Amino acid sequence: MGSGGSVVLDPTPDIGLEAESRKLPSSQYKGVVPQPNGRWGAQIYEKHQRVWLGTFAEEADAARAYDVAAQRFRGREAVTNFTPLLENDDDGAAELAFLAAHSKAEIVDMLRKHTYCDELRQSKREGKAGVGKRNPPSSLGLARDLLFSKAVTPSDVGKLNRLVIPKQHAETHFPLKCGSGTTGMLLNFEDASGKIWRFRYSYWNSSQSYVMTKGWSRFVKEKSLKAGDVVSFRRSRGPEKRLYIDWNPRGVAADLATPQVVRLFGVNIFRTPAGCGGGNGGGGEGKRGREMELFPPEQFVKKQCVGGAL
């Protein structure tokens, strides 16, 4: 599901199953319907169209899913099964802010995938109400180490809404827990301005690749990323191990490529650190080529002659 504001309706369940469910006793909760397999479905109506919120093992869980959707869709006018969220309660205020920070489509997507509680819990734990909130200024000055950088490809910034993470970096810096390859996990990254970006990170068996998906298209759009631009990932050195993301336009050197200055024959030679791109994968020939471009041959000869005269 996309991250836009519109809600994508789930395909209507099989007509036969729905017909059979009509024979089942109705639920005691609003927005909850029994399923033939013993589970419970949650649904809400938006502009006279049904929005399916998923199926749940427990009736009360389906009712809570409806309440979440109702409070995001209806706001203060929502009629809920349980006590509604209150702004004068810390937890309630945090959840209301979390709901407001996400589109209806995103909330529905979380409910269907049963990730809403995890995302809310993670948001509360970090003291944020959702994507777009800023960290305290003190966090911006934390020492951090570069994990890796990547020049984004046309498909990375296209309509696929995914960033492919090179395997060696994915397995080294973002290892997935056993059994989480398909569903993946959520990763939060802070950009240079302190804004938090949340991406879903998982492994795609079909293409045998590690990818960051949900949330990535928003980052591409806001930063106006184009093919060839470089994104960099860092991690803080403190115990919290916060993750950071930054980007540089194509042709503009990132921090990792800050030239090293070597003085030879009274002339400054700028040498790009190894592993910072180049047609030869950062190898010797690539480095020599870059050094020669920054070191005019005629200047080199002149200084050699002066050195010889001395």
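Start by selecting helix α4, residues 104–113: this helix is mostly covered, with 8 of its 10 residues buried. Here "buried" means under 20% relative accessible area, while exposed is over 50% and partly exposed lies in between (1.4 Å probe, protein chains only). Helices (H or I, at least four residues) and strands (E, at least two) are DSSP runs, numbered from the N terminus.

Before you click on, remember that you're looking at a predicted model, where local features need pLDDT of at least 70 and side-chain atom pairs count only at pLDDT 80 or more, while totals for chains, interfaces and linings use all residues. Residues are numbered from 1 along each chain as its sequence is written, and side-chain values use heavy atoms, with hydrogens and water left out.

**Stop 1: around α4**

Colour the buried residues of α4: K104, A105, E106, I107, V108, D109, M110 and L111. What do the buried residues of α4 pack against? Show β2, β3, α2, α3 (90–100), α5 (116–125) and α7 (216–223), and you have the answer. Now step past the end of the helix to H114, which follows α4 and has a positive phi near 60°.

**Stop 2: α2 beside α4**

The axes of α2 and α4 come within 10 Å and cross at roughly 175°. Those axes are lines fitted to C-alpha atoms, for helices over the stretch in contact, and the angles run from 0 to 180 degrees between N-to-C directions. The two helices, α2 and α4, are therefore roughly antiparallel to each other; angles over 145 degrees get that label, under 35 counts as roughly parallel, 65 to 115 as roughly perpendicular and the rest as oblique.

To see who touches whom, show A65, V68, A69, R72 and F73 on α2, then K104, I107, V108 and L111 on α4. Contact means heavy atoms within 4.5 Å. Sorted by type, the residues of this contact are 7 nonpolar, no polar and 2 charged. Ala, Val, Leu, Ile, Met, Phe, Trp, Tyr, Cys and Pro count as nonpolar, Asp, Glu, Lys and Arg as charged, and the others, Gly among them, as polar.

Is Q71 buried or exposed? Q71 is buried, because its relative accessible area is 13%. Leaving aside residues up to four places away in sequence, Q71 touches A78, T80, P84, L85 and L99.

**Stop 3: the sheet under the helices**

Next, bring up the 3 strands that form an open sheet in the order β1-β2-β3, with antiparallel pairing. At the edges stand β1 (32–34) and β3 (49–56), each with a single partner strand, so one side of each has no neighbour in the sheet. Neighbouring strands here are turned by 30° against each other on average, direction ignored. Two strands pair if DSSP finds at least two bridges between them.

Walk along the strands:

- β1 and β2 pair over 3 antiparallel bridges, and V33 stands opposite G41 in β2.
- The hairpin of β1 and β2 has 5 residues between the strands, with G38 in the turn at a positive phi of about 95°.
- β2 (residues 40–46) is joined to β3 by 7 antiparallel bridges; look for G41 opposite T55 and I44 opposite V51.
- The hairpin of β2 and β3 has 2 residues between the strands, and K47 in the turn has a positive phi of about 55°.

Now focus on β2: 6 of its 7 residues are buried, so β2 is largely enclosed by the rest of the structure. Helix α2 lies across β1, β2 and β3, running at about 15° to β2. Helix α4 packs on the sheet too, touching β2 and β3, and its direction makes about 30° with that of β3.

**Stop 4: over to β7**

Select strand β7, residues 196–204, which is mostly covered, with 7 of its 9 residues buried. On one pairing, β6 (residues 185–190) joins β7 through 6 antiparallel bridges, and F189 has W197 as its bridge partner. Between β6 and β7 is a hairpin with 5 residues between the strands, where G194 takes a positive phi near 95°.

Then show β8, residues 209–212, joined to β7 by 4 antiparallel bridges. Here Y201 has M212 as its bridge partner. The hairpin of β7 and β8 has 4 residues between the strands, with Q208 in the turn at a positive phi of about 50°.

**Last stop: zoom out**

Show everything: the protein has 9 helices and 12 strands. Of its 310 residues, 39% count as buried.
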